[in-house]
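This report is written for a reader who is new to the structure shown below.

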Amino acid sequence: MTETLNRTDRDIARAAAMLAEGKLVAFGTETVYGLGADAQNNKAVAAIFEAKGRPHFNPLICHYANEEDVFGHVEDSPMARRLTDTFWPGPLTLVLKRRITCPVALLAGAGLETLAVRVPSHPVAQRLILALGRPIAAPSANRSGGVSPTSAAHVLAGLEGRIAAVIDSGPCRVGLESTVLDLTGPQPFLLRPGGVNLEALEASIGPVQRGITPGKAEQSRTLRSPGMLVSHYAPSLPLRMNATHVAADEALLAFGPPLPGAKLVFQLSEAANLNEAAARLFEGLHWLDAQAAARGLRQIAAMAVPEYGLGLAIADRLSRAAAPRG
Ligand code: TXA
Ligand code: MG
């Protein structure tokens, strides 16, 4: 049985005690819900991979309460400091070199010399990390390859019985995972577009190398982020991108004025607003998945989104959902 906890001080303390005992607790962040374990407890971190069905070569993000704690564990640089001053707390993850003294379980970083770190802004995440007094390792709280959760109900739909508790933290403001930026190479490298726009990053630190082009994920597949498997974020129904018509057996994921003829529509944003669409994307995929099958619909047709701002991250997630499964 998985317990559902609330945002009260008592429940946060209880969740922190569970983490300290090596149990798994899902909690809300401003991006998506995370599946948390005490990052310094090897067995607890191993249990994350088990609960998610996640390959062990795919490293986890460590969540910290503040940047002082982060830079005690990983090496800083003027560029890292500039980014953290500007974007933390918030939806930016940095990949940095571990310090020799870093106490985070090696398994959390999949044995790499680097560690992905972020300081979330969501009050529940902040309070939980502070209550535990150590960083929390957390991937998104879904089964590996599935759609990330943006509500406690989504978490339970995928992980009920596999984790000790979920803290109902309300909806996720951003709704898409954090931007992952690797600072360990000669140039900053975008591993995953996400909640912080590429434009905002480049305004802060200058040119950022891009490895992943939406729609061309296969071609640009990179080993620098082992987790960027091409088929990912996938609903159980197949998904078709950049739809300009809707077939009889398709449900529609609309952006702006919907294409005609669909029996089932989830509107990401009537006004074609990218922030609103990002916040509703995973909700939409979960919902269409649940509704479409019951109506005999066999595929999701997704309308195009412009690839700037958060549109870059939305298009990235859609192209992964659309990729051949394997
Ligand atoms: O918004 C988010 O980032 C959410 C919330 C819970 O914080 N977390 C999340 O974690 O999306 P996850 O595990 O689903 O995605 C983390 C990504 C993966 O693609 C992983 O491969 C990459 O970050 N990553 C983690 N550590 C890395 C490292 N040391 N080097 C390169 N990539 C790394
Ligand atoms: Mg994930």
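## The sheet

The model described here is predicted. Strands of a sheet pair through backbone hydrogen bonds, either parallel or antiparallel. In this model eleven strands make up an open sheet with mixed pairing, and their order is E1-E8-E2-E3-E7-E4-E6-E5-E9-E10-E11. The edges are taken by strand E1 (3-5) and strand E11 (209-210); each has a single partner strand, so one side of each is left without a neighbour in the sheet.

One pairing within the sheet joins strand E3 (residues 34-38) to strand E7 (residues 136-137), in the antiparallel sense and over two bridges. Ala37 has Ala137 of E7 as its bridge partner.

## Helices lying across strands

Helix H1 (residues 9-20) lies across E1, strand E2 (25-27), E3, E7 and strand E8 (165-167). The direction of H1 is at about 135° to E1.

Helix H4 (residues 78-87) lies across strand E5 (92-97) and strand E9 (179-182). H4 runs at about 160° to E5.

## Packing of H1 and H5

Two packed helices are described by the angle between their axes and the distance between the axes. For H1 and helix H5 (residues 123-132), the angle is about 55° and the axes are 9 Å apart. The two helices H1 and H5 are therefore oblique to each other. The crossing of H1 and H5 is right-handed.

On the H1 side, the contact is made by Asp9, Ile12, Ala15, Ala16, Leu19 and Ala20. H5 contributes Val124, Arg127, Leu128, Ala131 and Leu132. Sorted by class, the contact of H1 with H5 has nine nonpolar residues, two charged residues and no polar ones.

Most residues other than glycine have a negative phi, and most peptide bonds are trans. The peptide bond from Trp88 to Pro89, however, is cis, with omega near -10°. Pro89 is in the loop between H4 and E5.

Ala110 is not a glycine, yet has a positive phi of about 50°. This residue, Ala110, sits in the loop between E5 and strand E6 (114-118). Is Ala110 buried or partly exposed? Its relative accessibility is 23%, so Ala110 counts as partly exposed, given that buried means under 20%.

Ala272 also is not a glycine and has a positive phi, of about 55°. Ala272 is placed in the loop between strand E14 (265-267) and helix H8 (274-294). With a relative accessible area of 37%, Ala272 is partly exposed.

Note on methods
Residues are numbered from 1 along each chain as its sequence is written. Chains are lettered from A and ligands numbered from 1 in the order in which they are written. This is a predicted model: local features need pLDDT of at least 70, side-chain atom pairs count only at pLDDT 80 or more; totals for chains, interfaces and linings use all residues. Side-chain values use heavy atoms; hydrogens and water are left out. Two strands pair if DSSP finds at least two bridges between them. Helices (H or I, at least four residues) and strands (E, at least two) are DSSP runs, numbered from the N terminus. Contact means heavy atoms within 4.5 Å. Axes are lines fitted to C-alpha atoms, for helices over the stretch in contact, and angles run from 0 to 180 degrees between N-to-C directions. Angles under 35 degrees count as roughly parallel, over 145 as roughly antiparallel, 65 to 115 as roughly perpendicular and the rest as oblique. A crossing is left-handed if the near helix is turned anticlockwise from the far one by less than a right angle, and right-handed if clockwise. Ala, Val, Leu, Ile, Met, Phe, Trp, Tyr, Cys and Pro count as nonpolar, Asp, Glu, Lys and Arg as charged, and the others, Gly among them, as polar. Buried means under 20% relative accessible area, exposed over 50%, partly exposed in between (1.4 Å probe, protein chains only).
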